Structure formats: C-alpha cells, structure tokens
Amino acid sequence: MDKQQILIVDDEEINRAILMEMFADSRDEYELLEADNGRDAIKQIEDNSNIVLILLDVVMPILNGFKVLEYMQEQGLLKEIPVIMITGETIEDSEGKAYAFGVADVIHKPFYSHIVKRRSKNIIELYQNKRNMEARLKEQEMEIRAQEKEIRETNEFMIDALSSVVESRSAETGEHTKRIKYYTRIMAKCLMEHFPRYELTSARVDAISRASVMHDIGKIGISDAILLKPGRLTNEEFEVMKTHTTIGCDLLEKLYRDRTSEFYGYCYDICRHHHERWDGRGYPDHLVGDDIPISAQIVAVADVYDALVSPRVYKDPFSKEKAFEMIMNGECGQFSSDILKCFELAREDFFNIMEVIESFEFS
C-alpha cells in the first residue's frame, strides 16, 4: 500500500527543513513532499493522489498560499485534504481569510515543532475518521437501498400474484384492473398539475397508479355464487359483496412486509375506501369529504367510469359520453369538486385511453 503523503509548501528552505525534520520519525508512515512556491504546490497536488495534509505558507513568489487555496476550492479539494496555513502576518491580515477558505488550522511564525506536529497528527486523524465514517455511511446507504429494492420487488411480486388470483376468478375483473391503472394515472397527473394542495409528485402519481390494481383484491374472498352471479345482486348479496373492501385490507395487513411505507398506505387506502363517496353515502366507513384519502378518491371515479362503459351480465355498456355525463351529474354518487374538475379536464384522455385499450391488449 502506498504511503500517505504530507506536502510542505514554503519558499524558505530553512522552514521546509524544520518542518521536514518534525516528521523524521514518521517516514515509515508518511512520504514527505516539498514545494517552494504556489505553482509547484499545485503541481504536487495534481501529481499525487495520497496527500493527507498540506502545510502551506502564505507569502511566496509566483503564487502565494491563498492562490493555492483558491485552486483547491475550485477543485473541491479542501473538504478532502486538510490544510494548515503557516503565516508570519498579523491575525487580522490572514487568519480570518484562511478560515473563510475552510483551512483546518492556522499557525503563526515562529512556530514550535511539537505544537505543529501534534496539531498535524490530530488533523490527519480527524479527517481520516471523517472519511472512514463517510465511507461506512455510504456502505450503509447502499445496504439500505438494496434492502428497500428487495422489499419493493417482493411487494410487487405479491401485488402481481394477488392480482392474478383475482383475474383467475373473473376475466372481466382482470381487464377491469388493468384499465383502472391507466385511468388512475391520468387523474393523478391532472391533480398534480392543477391542484398542488394535494402535494402529489411524479413518484406519488406512479405509486398511486401501481397501488390502484389492489382496489378489488378482496374479491378473492367473495364466493363464486355472488361474484359470478349472472344478474343483479339481492340486497343481502350486495352487503356481502361490499365486504371485499375490508377483506382486501385484512389480506394486505397479513401479507405486506413493510406496513410503514407510503406505498402500503396507498394500497390500504385504495383497497378500503374506493367505494366511499363525498357525501358520506359510500362504504365501508361512510367517510365524508376530505376524510376520504385522495388516492381512494382518484380510484373511485376511475372505477365508476369503467363500470359504466364496460358490459356487465346485468346491463349493456353506456357510451363514454353518457358515462361522463352521469358522473358529472351525480348519478353515480357524489365526488369532490376537485375530482370532477380533473375528470372534466381529462375527459378526452379518458375517451382516448378507452379507444386504445379496445385496439390493443395491455399487460
């Protein structure tokens, strides 16, 4: 392993000799480099990659010590290589300026060898400990990111697996789930652009879109007799069907590894609350107004729209124009004015997405 290097910069040979002598008993540990002016100091810095300390004089020919500091500052080196300024000037002339650059210490001439040596050792150790800590923190950050990636991939696998189970119960439900994802993204992006109070970001739009596929996951707990019934449900059957919201949340709580994440929160809120309505007439909790999570409000309107424009065993599909009017007129339950405004703004996107989905098979 290459030795650590200490660079001594002073235009007076006697001063360099004194400083070199201070580290005579440490030559097995350090390689000592010299420069007699600022220009040579910069060349030494450029040519050597293992400098752990620079002892830098202020007053020198060609380039003075502050010019060297300017160079190091421009190159971002002052945070990596500690500098001890050595000056014979008065404190008000140089010390404040030196510290403003970010030097580690300032020593005034005439200097005492044992003081310079002790300060040098302390500063080298301090910076090395800092570098070691930063390296360890970087390693820990990489480990955490790797763990988060593993958890995210596990969660994605779980979502895909559960969605596949639902799709296997009903092909209609499977295609519905795919479409909801596209409608949700359209609505969420519109809210992000036009209603900043919801604090949606591109990352949150993506998370809500992905979480939307969980909205009907609880239907895996509904019996085939009700889920696949070829006709309208009775009141008693509809009450059972409504429990898919809470069944889905129970599944999430049992299967999801990281229940503190924002993504889990979106999955849970959407699963439980996508049938809530603004006026409190929804289910299962009869939430009113802004008590309904915005992610669930977004999925709710997407869910209703798709149900209207899709064929069911008990009804023919409504046209997209008619479906739009029914939602805007409150015929399908109450939605917030913000949600309706976004739905209105996104009208053509909804219509176009429906046409695209009819033409291509999405996965």
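Trainee: What should I keep in mind about the model before reading its features?

Mentor: The model is predicted, so to speak of a local feature requires pLDDT of at least 70 and side-chain atom pairs count only at pLDDT 80 or more, whereas totals for chains, interfaces and linings use all residues. Residues are numbered from 1 along each chain as its sequence is written, and side-chain values use heavy atoms, with hydrogens and water left out.

Trainee: What is the volume of the largest pocket, and which residues lie nearest its centre?

Mentor: Rolling a probe the size of a water molecule over the atoms shows where empty space is left. Here a 1 Å grid over the protein atoms alone is used, and a pocket is an open set of points with protein on both sides within 12 Å along at least five of seven lines, while a cavity is a set where a 1.4 Å probe fits but cannot get out; lining residues have an atom within 4 Å of a point. Grid points are joined across faces, edges and corners, and a volume is the space filled by probe spheres set on the points. The largest pocket has a volume of about 1300 Å³, and of the 33 residues that line it, F238, H275, A307, R312 and Y314 lie nearest its centre. Two or more lining residues come from each of α6 (171-194), α8 (224-227), α9 (235-242) and α12 (294-309), with α12 giving the most, four residues. Such helices are DSSP runs (H or I, at least four residues), numbered from the N terminus.

Trainee: Which residues of α9 are buried, and which are exposed?

Mentor: Buried means under 20% relative accessible area, exposed over 50%, and partly exposed in between (1.4 Å probe, protein chains only). In α9, E237, M241 and K242 are buried; they lie on the same side of the helix because they cover an arc of only 145° around the axis, the arc being that of the directions from the helix axis to the C-beta atoms. On the other side of α9, N235 and E236 are exposed. Among what covers the buried residues of α9 are α8 and α10 (244-255), where contact means heavy atoms within 4.5 Å.

Trainee: How many salt bridges are found, and which side chains meet in them?

Mentor: Side chains of opposite charge can pair when their charged atoms come close. The rule asks for a side-chain nitrogen of Lys or Arg within 4 Å of a carboxyl oxygen of Asp or Glu, and a search of the whole structure finds 19 salt bridges. In one of them, E70 meets K67 (3.8 Å, N to O); because the two are three residues apart in helix α3 (residues 65-74), about one helical turn separates them. E70 is partly exposed at 32% relative accessibility, and K67 is partly exposed at 41%. E237 forms a salt bridge with K229, the closest N and O atoms being 2.7 Å apart, and K229 is partly exposed, with a relative accessible area of 25%.

Trainee: How many cavities of 30 Å³ or more are there, and which residues line the largest cavity?

Mentor: The count comes to one cavity of 30 Å³ or more, and the largest cavity has a volume of about 60 Å³. Its lining includes E276, R277, W278 and I292 as well as Q297, A300, Q334, F335, S336 and I339.
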